[in-house]
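Subject: Structure handover

Hello,

Please find the structure below.

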Amino acid sequence: MLLFSILTAAVAPGVSLLTYLYLKDRYDAEPIHMVIRLFVLGMLIVFPIAVLQRGLTLWLGESPFVFSFIVSSGVEELIKWFLVYHMIYNHTEFDEPYDGIVYAAAAALGFATLENVLYAILQPATFGTLLVRALLPVSGHALFGVIMGYYIGKAKFTANRSLYYLTLSLLLPFFWHGLYDYIMLTVKSNWMWLIVPLMAYLWVRGALKIKRANARSPFRLMTREEQVKL
């Protein structure tokens, strides 16, 4: 019973955040099976990422900068980006800018959820530690996914600058993720004074990106009857 409670607490944040982001799609909600597929694939990439990270750690060492920006952020964001780009960029269901946010967040939260479950099983986890992980690493992955998906959406629907926005869709999550990890590794005490403002900033920026992506939906100006016919 205790294990079930711990696993539920580990899974709940990722599922809740994904549900929130899915429901923010105001004009043309994505098929549930597609979102679940990206979520599950996000979980599956945890294992190859762990192998790559172990190999890079043995090769490059464990300095905070190398670990934060190459081993952790570099590997995780690159593989998540590769997954999202090749699974949905040219898919027919990717038909409005906000879809990039939904799918990228699904992959990111799948990854974060399995990572959280493994942490809960392998480490002595309490409700307090799982709450902190829900507020920080899990929501961090969600926000990095929002940033990635927002710029993938801009790339998809801004043909003359698609390469520029695709580049941003990889580099910006890479930077923010690396910065988050670097702070956590190098600031041994009072790290909350840096992490809380950083997370607050990312939440505000994420909310603005959600609003802008929805505002650029081609379905925004359709009547409800026209949307039903689609």
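The crossing of helices α4 and α5 is right-handed, meaning that the near helix is turned clockwise from the far one by less than a right angle. This is a predicted model, in which local features need pLDDT of at least 70, side-chain atom pairs count only at pLDDT 80 or more, and totals for chains, interfaces and linings use all residues. Residues are numbered from 1 along each chain as its sequence is written, and side-chain values use heavy atoms, without hydrogens and water.

Helices here are DSSP runs (H or I, at least four residues), numbered from the N terminus. The axes of α4 (residues 64-88) and α5 (residues 98-122) come within 9 Å and cross at roughly 135 degrees. Axes are lines fitted to C-alpha atoms over the stretch in contact, with angles from 0 to 180 degrees between N-to-C directions. The pair is therefore oblique (under 35 degrees is roughly parallel, over 145 roughly antiparallel, 65 to 115 roughly perpendicular, the rest oblique).

In contact (heavy atoms within 4.5 Å) are Glu76, Lys80, Leu83, Val84 and Ile88 of α4 with Tyr103, Ala104, Ala107, Ala108, Phe111 and Glu115 of α5.

Helix α4 also bends by about 40 degrees at Ser73, the bend being the angle between axes fitted to the seven residues ending there and the seven starting there.

Helix α3 (residues 46-60) comes within 10 Å of α5, axis to axis, and crosses α5 at roughly 75 degrees. That makes the two roughly perpendicular. Val46, Phe47 and Ile49 of α3 touch Phe111, Leu114, Glu115 and Leu118 of α5.

Regards
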